[in-house]
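Dear colleague,

Please find below the structure that I am handing over to you, together with its sequence. My notes on what was found in it follow directly after.

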Amino acid sequence: MSIRSLPTGAAGVGALATTADSQVRPARAWRTFETTHFRFHTPLEFEGWTRSIATRMESVHEAVRVKVGSAPTERIDVVVDDPSNSANGSAYAILDGPALFLWPTPPDPRSGIGKFRNWGELLAVHEFAHLAHLNREPRNKAQQLGRRLFSRPTGPLRGSPRWMTEGYATYIEGVLTGNGRPHSPTRAAILRQWALDGMVPNYTQMSSGAGYNVGGAAYFQGSAFLEWLGARNGDSSITAIFRRQSAVTKRTFVSAFTGVYGEAPATLYSTFVAEQTADAFRLRDQLAAAGIVAGVTVQRLTGGTGDPAISPNDSLIALVVGSAGAPASVRIWRTTLAPRDSAADSAAARRARRAQARDPEDVPAVSSGPAPRVAVHTLSPVMGRGHQDPRWFADGTRLLVWRLEPLADGALRPDLFIWTPKSGALQRVTTGASVRQADPHPDGTRAAAVRCTDGRCDLMLVDLQSGAVSPLVPATDGVTWVRPRWSPDGASIVASRHIDGRWRVSIVDVASGTVRDVSPADNADRYDVSFADSGRAIVYVSEVGGVPNIVTAALSSGAEQSLTRVTSAAYAPVPLKRGRDVLFLHLTSRGLDLHRVSPDSTPVAGPPVMLAAPKDLLARTTADAVRASIAPRGPQAVDSFTVKPLDAERPFTVGPRGYVVSPFGGVAVDGQVIGGQITSTDPIGRLSWSLQGVVGEERRWQGGALRASWRRFPVTINGELFGVGQSLNATTSVDLPAITAALRATNTWHGGSLIASTLRRVGAGALPVRADVALGARLGIATGAFEQRDGGASAPDASGSRQMIFADASVSATVGAARRRTTFSLDAHHGFGSTWGDAWERAVATARVQSAILGPTLRVDASIGKTSNDAPMVERLALGGIAPGLVDDALFSQRVAIDGLPQASAVGTRMTTLRVATPTVLGLELFGLAYQAGDVYGGRLSSLTGVELRTATAAIPYARIPAGSVVSGVTYHLDGALRDRVFGYVGMRFTP
Ligand SMILES: [Zn+2]
């Protein structure tokens, strides 16, 4: 339920793969704004943007409720944060706790969501439409009962296919804002080209297909299909589906849909596609009659391609080229086919001649477009984060690029780097500056760039020596900038800015800071602008007529001259220094190709073709709906959302609480446990707590614990109050080898702990080696009444206290990208304590390497542990069993959890373990483990092997989902007293 799936350009290709997109940063100072139906929570840095949406949100609520026919019954928490400085948002349709997560960074003009009056308004309408749609309450009695009985219930409409959920939110975004994807030339271009190429996703692919832009089909084609359905049977037919889906009579989506339209959705969709295809050819004929000019193909490409940059002497092209499933690389190509490429060509010709001689019957393949270019230089992603928007320095030997780097709290922000292709050097310019799209000044000392924060992107100057960033023009509310370019004389900058609901080309005089609009006074968007003709002209994308095309305008007259007339879309023009040729990106069904157009030899005849689009906000006939899907209406005037003062605002403290009740259980060789827990969190995870109770067979840890985490500062504070116990003298239903007599007793501990922890991330850009590093530290104390009884002579009764203080440190470094990624980590624990007055000391360390460098992914864990020689028996290292889980693991660091091994299978003051694991089918991990404990290191090793399935979920505080994991597996023991025995286990754990 995001607002965006795949970006249309290269920016962002793969770049998001490394971030946890659900992440919020509770340690910052936050503020809450309340309205009747919403509570907004935001870090102070996004206060302006959040306030502007919050004051309009009641009006959005009313408009969406009327249109959708329902609205959530519960108050909605809206969390604003910016995990990766990109435009997105998500909705969590949970009946008893609906939530929205909004990212303030505005989108690029080329994106379908780049058409807005106000980015926050568009995002809020789309995401709230999801909640109004999907949170419709069930009228079926059994479903109503389920909704009351279960934690985190979802409504009957959650079974809708993705084209319906995303298509409907997109449809509403268009109707209520008069903007967004349904009115954008982007959606029209993608759908038109799919139809012309016979590549329209089929009904199934519309929800779940793969390929360039196909992830966006649910939004683009889904919204277009809904408009067609609305035109066919009336707008209210769409909400009739929802009424049938939530009815007393339970129905599937297909049955609810078919009952309204008389045909199955896949059948009607095929009719729509047929009509859409026919109409796309009518539009193509209209364009062809005027003369299509798309230039020549320089390079055919698939997937996202970034804006090309041409070197100062026109000899080299730098651009970001995507490849399926991998983050994009920056490539440098020769502009003309160079000797090296020709050599490759003639080698291919020789091979073809030899093959022909060998098999004269064979038919040689025809050539399809220019041969793939050989990259002269390549800048690969660092840690899976690709570099973007390469721009040449005037010296022609260096390029300015940006890539995302983690802040210490884990959020990603763009920073600038200077790349010298010849040496391969990559030098960092800024740190945590959040600047992107930087263009170096002709003198090479500074750059123009944009910095996006608080819902807008400002035009900035960056000192390339110091990395200092300063505003170039004062930030103005509601104005956002994109993609600055210097004039050849370095006196001015041309860029596109979003003002009054459209993208205009603007020129900034750098000395005075004055801004001058050079866009004609129509409603078309213009962007992707560069200077041309030694600074006397500009080239850019104009959407006049409804198709993004390349135009040029002389600065003296402002008169526009079209350079292309394409059927799809043309983007990112870059003029060559010599002559009037322009390179640009040409949209296809496969991706963005690099084209070159020569206005002197292939001029565009006549004025821009105006694609005849219907004028109504919503189509009245199916023919109009088909046309609106491939010929954009452009922005439409609709009512603005009215501003209403906030009901309340205050600093965020512990926020509104949400509760989740969940069962808990586990099976292991030592017995079974069952229990339950209640977890509570606020929408940002500032304070979360859990109350857990576990009962079961006596050998297992049982008891109850109240645990809480407070995350307001860079250091997280965890507190626990607990009463736990187990009886290792108890018998089990399974015949197991006897446990060391000295441990055969009942132990209980009633006490508490306090732990301070911190985790800091360091990106590869800040280190001499290319590695992402995470550093963790924890400091804790625990104390309580500890008792031992019923152990007989070998484990005499004892009571008194157990105290401990401990420090944990962890470091983890990841190097290499994609399949060659390798992670090294080291966890060290050191504790001192006293049990019944006897002092002890303990250290446990684990080193881990995970890598696929040898082929299959291998994870190797090696642990070593030591307890002081005179430590009480209960403090000696004991291997086996599932971790107690009720308390922090460090409190029982003597118990080394090995899930498929009975508890205390090996005991001593020294221990070592070595585990090697590799993933197999269905997420199952195959592993082998060798372990040893005794009074010396290196005693006889025992070993076991097994398969394990491990699933873990990160906390999503606004959806009130706690962090948890479930592990299940089977072990087979290879030697010792357990030889040939097989044990299964299931373990769960939740952390507040
Ligand atoms: Zn969505």
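**Sheets, helices and aromatic contacts**

In this predicted model, helix α3 (residues 119-134) lies across β2, β3, β4 and β5 and runs at about 25 degrees to β4. A further helix, α1 (residues 47-54), lies across β1 (30-34), β2 (38-43), β3 (76-80), β5 and β30, and its direction is at about 170 degrees to β2.

The strands named here belong to an open sheet of six, in the order β4-β5-β3-β2-β1-β30, with mixed pairing. Because β4 (88-92) and β30 (648-651) each have a single partner strand, they stand at the edges, and one side of each is left without a neighbour in the sheet. From one strand to the next, the twist averages 15 degrees. Five bridges pair β4 with strand β5 (residues 99-103) in the antiparallel sense, and N88 stands opposite W103 in β5.

An open sheet of four strands is also present, with the order β6-β29-β28-β27 and antiparallel pairing. Its edges are β6 (296-299) and β27 (570-575); each has a single partner strand, so one side of each is left without a neighbour in the sheet. The twist in this sheet averages 35 degrees from one strand to the next. Strands β6 and β29 (residues 592-597) run antiparallel and are joined by three bridges, with T297 opposite H595 in β29.

Which residues touch the most other members of the largest nonpolar core? They are V64, W163 and F225, in a core of 121 residues. Helix α3 gives the most to this core, with 10 residues. If neighbours within four places in sequence are left aside, F225 is in contact with W163, M206, F257, P265, L268, Y269 and F272. Apart from this core lies another, of 28 residues, which include A705, I739, W749 and F786. As a general point, nonpolar side chains in soluble globular proteins tend to be buried together.

In total, the structure holds 26 aromatic pairs. In one of them, the ring centres of Y168 and F242 are 4.8 Å apart and the planes stand at 80 degrees, so the pair is edge-to-face. This pair links distant parts of the chain, with Y168 in helix α5 (residues 162-177) and F242 in helix α9 (residues 236-245), 74 residues apart. Both Y168 and F242 are buried.

W701 and F892 form a tilted pair, at 4.4 Å centre to centre and with 40 degrees between the planes. Here too, distant parts of the chain are linked: W701 is in the loop between β33 (687-696) and β34 (702-710), and F892 is in the loop between β42 (877-879) and β43 (895-896), 191 residues apart. Are these two residues buried or exposed? The limit for a buried residue is under 20% relative accessible area. W701 has a relative accessible area of 8% and is therefore buried; F892, at 3% relative accessibility, counts as buried.

Finally, two arginines lie over aromatic faces. R398 is over the face of F393, at 4.0 Å from the ring centre, and R436 is over the face of W402, at 5.3 Å from the ring centre.

With kind regards

Definitions and conventions: Residues are numbered from 1 along each chain as its sequence is written. This is a predicted model: local features need pLDDT of at least 70, side-chain atom pairs count only at pLDDT 80 or more; totals for chains, interfaces and linings use all residues. Side-chain values use heavy atoms; hydrogens and water are left out. Rings of Phe, Tyr and Trp (its six-membered ring) pair if their centres lie within 6.5 Å; planes under 30 degrees apart count as stacked, over 60 as edge-to-face and the rest as tilted. Helices (H or I, at least four residues) and strands (E, at least two) are DSSP runs, numbered from the N terminus. Buried means under 20% relative accessible area, exposed over 50%, partly exposed in between (1.4 Å probe, protein chains only). A charge sits over a ring if NZ of Lys or CZ of Arg is within 6 Å of the ring centre and within 35 degrees of the ring normal. Two strands pair if DSSP finds at least two bridges between them. Axes are lines fitted to C-alpha atoms, for helices over the stretch in contact, and angles run from 0 to 180 degrees between N-to-C directions. Contact means heavy atoms within 4.5 Å. A nonpolar core is a set of buried Ala, Val, Leu, Ile, Met, Phe, Trp, Tyr and Cys residues joined through side-chain atoms within 4.5 Å.
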